[in-house]
Amino acid sequence: MRFSTSLVLLAAAAEAHYHFPRLIVAGQTDAADWVNVRQTKNYQSNAGVTDVNSADMRCYQMRGGSGFATVAAGSELGFVAASAITHFGPVQLYMARVPDTADINTWEAAGNVWFKAGSISAVPPLGSSESTWPAYNKKTVSFTIPSAVPSGKYLVRVESIALHQAQAVGGAQIYLSCGQIEVTGGGSGTPGPLVAFPGAYKATDPGLRWSYYPIPTSYTAPGPAVWTG
């Protein structure tokens with residue numbers, strides 16, 4: 001009986017977590033998992049990253065990519081959450097330009113190469129429900145690729161920062177993955193500021209903490225401002 005109970009608890013914990021295995025382009029979802037998204041280490045466990053200084057903060061990948069999607073600048077790009085974003089907190093989207101001489105399937109995206117391209121954050125008044133956190137319990141999230149983004153190949157990093165256990169430093173759980181795309185019809189903008197993963201966040205950042213009592217009166221997600229072009 002104890003063994004059976006443990007299995008049930010483990011299964012419930014895994015079910016409560018999630019990952020992002022597919023892209024949505026022009027309203028069409030990838031036909032299978034991990035086609036245009038690098039397969040993550042949590043593809044079975046669904047566990048999040050808790051150490052912001054870990055290299056897993058970059059793409060959390062278990063293996064490199066195998067393909068990429070073509071997306072027009074100024075259009076919407078989405079990610080599927082499997083099975084849903086079951087913890088409250090912000091969802092943020094970052095992009096990193098793949099050098100022309102690099103292979104998109106193996107490029108590491110190390111160093112200051114990431115800019116924030118989208119953020120789905122808190123809507124006052126603050127609480128722990130869907131009315132505060134628009135991405136909470138959603139099965140998909142999306143953002144608009146800025147029209148001024150130069151054409152080329154990019155990694156697109158989605159992260160969901162789960163705050164339900166973030167009362168203490170190190171309690172935030174970060175669920176992330178990296179999609180692979182080629183932007184067409186781009187502009188001549190200079191995205192920035194550029195940050196690194198790991199490095200962009202500190203465990204003590206206010207945006208990685210949450211208080212149930214007293215409930216905060218304001219919230220700012222960690223990282224740089226969104227670049228809109």
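Which order do the strands of the open sheet have? I looked this up in a predicted model, where local features need pLDDT of at least 70, side-chain atom pairs count only at pLDDT 80 or more, and totals for chains, interfaces and linings use all residues. Residues are numbered from 1 along each chain as its sequence is written, and side-chain values use heavy atoms, with hydrogens and water left out.

**Entry 1: the sheet.** I found an open sheet of 5 strands in the order β3-β9-β8-β5-β6, with mixed pairing. Strands here are DSSP runs of E, at least two residues long, numbered from the N terminus. Two strands pair if DSSP finds at least two bridges between them. I noted β3 and β6 as the edge strands, each pairing on one side only.

**Entry 2: one pair.** I then followed β5 and β6, which pair in the antiparallel sense over 6 bridges. Val91 has Ile120 of β6 as its bridge partner.

**Entry 3: the largest nonpolar core.** I recorded 33 residues in this core, and Phe20, Leu77, Phe79, Met95, Val141, Ile145 and Ile181 touch the most other members. Such a core is a set of buried Ala, Val, Leu, Ile, Met, Phe, Trp, Tyr and Cys residues joined through side-chain atoms within 4.5 Å. Buried means under 20% relative accessible area (1.4 Å probe, protein chains only). I saw that β8 gives the most to this core, with 4 residues.

**Entry 4: Ile145.** Leaving aside residues up to four places away in sequence, I listed the residues that Ile145 touches (heavy atoms within 4.5 Å), including Val71, Leu77, Met95 and Ile181.

Terms used. Buried < 20%, exposed > 50% of the residue type's maximum accessible area, 1.4 Å probe, protein only.
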